[in-house]
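Colleague: I am new to this structure and would like to learn how to read it. Please take me through it feature by feature.

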Amino acid sequence: MVAEKPSKKLFSVTLRVWRQAGPAAAGKFVEYPAANVNPDMSFLELIDVVNDGLTVKGDEPIAFAHDCREGICGTCSCTINGKPHGPGHGIATCQLYMRSFQEGDVITVEPFRAKAFPIQRDLVTDRAAFDKIQQAGGFISVRTGAAPDANAIPVPKEDADLAMDAASCIGCGACVAACKNASAMLFVAAKVSQFGLLPQGQPERDRRVLAMVQTMDEAGFGNCTNQYECSAVCPKNITHDFIARLNRDYVAALFRTRFQPVSNAGGGGG
Ligand code: FES
């Protein structure tokens with residue numbers, strides 16, 4: 001005889017959500033009670049359920065961004081109870097489950113707040129500033145054609161591991177939202193380091209760091225003042241050590257480009 005599984009204890013919460021009809025509209029918090037919450041629901045599934053109720057009543061559903069719902073794409077960004085991606089550690093909002101909350105909780109949900117991330121509607125922000133930074137140098141230029149063998153260029157294990165850590169950045173913007181200066185240094189540091197640590201990233205190393213930092217500054221992000229709130233909320237646990245690496249790369253690139261044009265600048269050095 002198979003023992004019956006104990007049923008999950010359902011509970012009730014109140015969502016206190018930032019509603020804003022458009023970029024120029026005034027916003028405000030609106031409360032939505034949610035009953036029969038299953039602890040194994042994801043946070044985004046709870047918003048889905050609340051939105052179903054709003055739609056049935058003929059009200060406008062809460063606008064929120066999402067795609068993979070697996071912690072990969074970085075689109076589900078919002079601040080929950082004052083913390084980007086909510087109370088979990090090393091997870092994106094889509095990986096947050098309702099078992100993190102209790103009966104009667106009032107959960108405040110708002111968009112990431114930063115001048116460089118203008119609010120589009122409700123919880124949705126425009127994070128195109130990150131795309132511009134990427135376009136400024138977050139790539140390597142290689143000839144297409146016959147791909148070399150994967151192991152033809154030896155890469156030290158430690159460098160490969162660090163490059164992989166940096167490459168795990170999903171560009172969600174939590175680092176910016178958590179920083180009192182709305183600094184994008186952790187994001188830029190990860191995107192610069194993932195190439196700067198590998199041999200393939202050396203030819204454009206100086207040009208890359210200078211262009212990405214300049215684009216970051218032009219986009220209106222603030223400076224880093226070493227508070228490290230960024231790495232504390234990063235869903236991929238990217239460490240602020242990469243910011244020190246970025247600063248070293250930037251200073252070295254500035255120094256080298258005093259003696260040769262940026263367009264011909266080669267990288268190198270540790
Ligand atoms: S929806 Fe893709 S990371 Fe959350």
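Modeller: We start with a strand pair: β3 (residues 79-80) and β5 (residues 106-110) run antiparallel and are joined over two bridges. Helices (H or I, at least four residues) and strands (E, at least two) are DSSP runs, numbered from the N terminus, and two strands pair if DSSP finds at least two bridges between them. This is a predicted model, in which local features need pLDDT of at least 70 and side-chain atom pairs count only at pLDDT 80 or more, while totals for chains, interfaces and linings use all residues. Residues are numbered from 1 along each chain as its sequence is written.

Colleague: Which residue in β5 stands opposite I80?

Modeller: V109 does.

Colleague: What is the strand order of the open sheet?

Modeller: The five strands are ordered β2-β1-β5-β3-β4, and their pairing is mixed. At the edges are β2 (28-37) and β4 (83-84), each pairing on one side only.

Colleague: Which helix lies across β1 and β2?

Modeller: Axes are lines fitted to C-alpha atoms, for helices over the stretch in contact, and angles run from 0 to 180 degrees between N-to-C directions. Helix α1 (residues 43-56) lies across β1 (11-19) and β2, at about 100 degrees to β2.

Colleague: How is the protein divided into domains?

Modeller: Domain bounds come from an automatic or database domain assignment. Domain 1 covers 11-121, and domain 2 covers 127-141 + 155-264. Their C-alpha centres are 29 Å apart. The contact involves 18 residues from domain 1 and 17 residues from domain 2, where contact means that C-beta atoms, placed from the backbone, lie within 7 Å.

Colleague: At what angle do α5 and α8 pack?

Modeller: Angles under 35 degrees count as roughly parallel, over 145 as roughly antiparallel, 65 to 115 as roughly perpendicular and the rest as oblique. Helix α5 (residues 185-196) meets helix α8 (residues 241-257) at about 70 degrees, with the axes 8 Å apart; the two are therefore roughly perpendicular. Residues of α5 in this contact include M185, L186 and V188, and those of α8 include F242 and I243.

Colleague: And which residues of α6 meet α8?

Modeller: D206, V209, L210 and V213 in α6 meet L246, D249, Y250, A253, R256 and T257 in α8. Helix α6 (residues 205-218) packs on α8 at about 110 degrees, with the axes 9 Å apart, so α6 and α8 are also roughly perpendicular to each other.

Key. Contact = placed C-beta atoms within 7 Å.
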